[in-house]
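Please open the structure in your viewer and keep the selection tool at hand.

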Amino acid sequence: MSKKDEGAKKAVAEDAPDQHWKLQVFYLCFYGFMTQIRPGESFITPYLLGPDKNFTEVEVTNAITPVLTYSYTAVLVPIFLLTDYLRYKPVLLLQSLSHISIWLLLILGTSVLAMQLMEFFYGITMAARIAYSSYIFSLVAPSRYQRMASYSRSSVLMGVFASSVLGQLCVTLGNVPFLTLNYVSLGFMSFGLILTLFLERPKRSLFFNRAEPACNGAAPAELDKMAKAGGEGTWRWRDAVLCRMLREVGTATKQPQLRLWSLWWVFNSAGYYLILYYVQILWNKIYPAREDRRVYNGGVDAASTLLGAVASFAAGYMKIRWTLWSELVIGAVTAFQAGLLLLMNTTTNIWLCYAAYVLFRGSYQFLVPIAIFRIATSLSKELCALVFGVNTFFATVLKTIITIIVADKRGLGLSVHPQFYMYFGYFTLLAVAYLLAAVGVGIRHSRNKQPAELAFSKELHQPAADVPAKEKSPEAGTVQA
């Protein structure tokens, strides 16, 4: 067989898999879009506080909503590990079943305990998002990661936007009751479960099911032998890999930029999600609408999602010297968010509160892709995934501590307005810390710059007597001789 024939066969053989992964990515993006179509989600709080369920504000604020944070914290690490070990699809099935459980409980549940169970399942669905976001990496080559990840994220944002618009149109123009919206959401989630069944289960994953188990400090053949040994030896190898990677994460945190953006991820995302959990209660307090059609939560969610997508896109084109300006940018954005929280909590105009919330979400989403880029630039794919997992875990733990102290009835049990004053103080402290760090960076930079400029100036004005002998004229050399 000629080389030409072999090349033609190879091209045909490579073309089929190429088309296959494209279909898989398209199906995954379609799945991501459809599973976000939950038009009743923007109206859960007014539904619970309204005549359908008739829970009190104290029950929703201090007994029901805190369970979401506790559930997320409890299941985050197990789901993170199971996602990789079971190769994504089983966890996506668990997520779909949890979504169905949420809407069944919202429709059929009548007690506080039932709503707490609903929030528990909600925590599972949030923790299981890692399965969808990392699934894409098992389908494509590393050279395509960035583009495919943007496709999958865009499909989710489009789904959230479409869901919010659909819900708002149904409520405002169609005068559809919240209960009917929940039935519609249940139907879409059931369809999402069917879509999950047709997802292909990948043969490899980032940590436990590596196609080519190669690590620093060990030859591929050696790791292959360890993987094939089976039984206890296999588990020792897996444990060693994870432990070694955790040690490498600890070493990586010595890099100032990675440490800074990881701290931003932990502290700011904890506060951000607490605002998301409780903002609907604040809206209901400011504007307790007597008619469902005058509740505009869906429109606000759609606007904030759209602004967040635009801000994320714009952040990708921001070219500055991040090693010098990161602290200042983070501090300025955090101070802006603190001001928005104060405005949201003090205004009696619901539209002003809506606008402040949209800007709050947009400013957070603006920094997210920058944080991802600054953290990921110096890390491998596996370490990057682990760093984000660790950051998310610490953020969740911090969020849980704040919830226990501020919101839970066993803690301070604050109502929504005092809570938002606490969150305003939290973001203000963060802004002050970031801005002080920015001042410190500026001072260090100016001090490092001055000696360099001084040395350059001395070289420029260096007298002839100080020039080395080998640089002098032949006449000078003759005199010295």
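Begin by selecting Q365, which is found in helix α15 (residues 350-376). Helices here are DSSP runs of H or I with at least four residues, strands are runs of E with at least two, and both are numbered from the N terminus. The model is predicted, so local features need pLDDT of at least 70 and side-chain atom pairs count only at pLDDT 80 or more, whereas totals for chains, interfaces and linings use all residues. Residues are numbered from 1 along each chain as its sequence is written, and side-chain values use heavy atoms, with hydrogens and water left out.

Is Q365 buried or exposed? Q365 counts as buried because its relative accessibility is 14%; buried means under 20% relative accessible area, exposed over 50%, and partly exposed in between, with a 1.4 Å probe and protein chains only. Now display what surrounds this residue. Leaving aside neighbours within four places in sequence, Q365 is in contact with R153, Y272, G308 and S312, where contact means heavy atoms within 4.5 Å.

Next, select W264 and Y364. These two residues form a stacked aromatic pair, 5.4 Å centre to centre with 20 degrees between the planes. Rings of Phe, Tyr and Trp (its six-membered ring) pair if their centres lie within 6.5 Å; planes under 30 degrees apart count as stacked, over 60 as edge-to-face and the rest as tilted. W264 belongs to helix α12 (residues 256-286) and Y364 to helix α15, so the pair links parts of the chain 100 residues apart. W264 is buried at a relative accessible area of 1%, and Y364 is buried at 4%.

A search of the whole structure finds 21 aromatic pairs. For another of them, select Y31 and Y132, which form a tilted pair at 6.3 Å centre to centre and 40 degrees between the planes. Because Y31 lies in helix α1 and Y132 in helix α7 (residues 129-135), this pair ties together parts 101 residues apart in sequence. Both Y31 and Y132 are buried.

F191 counts as partly exposed, at 34% relative accessibility. Which helix supplies the largest share of the nonpolar patch? That share, 3 residues, comes from α9.
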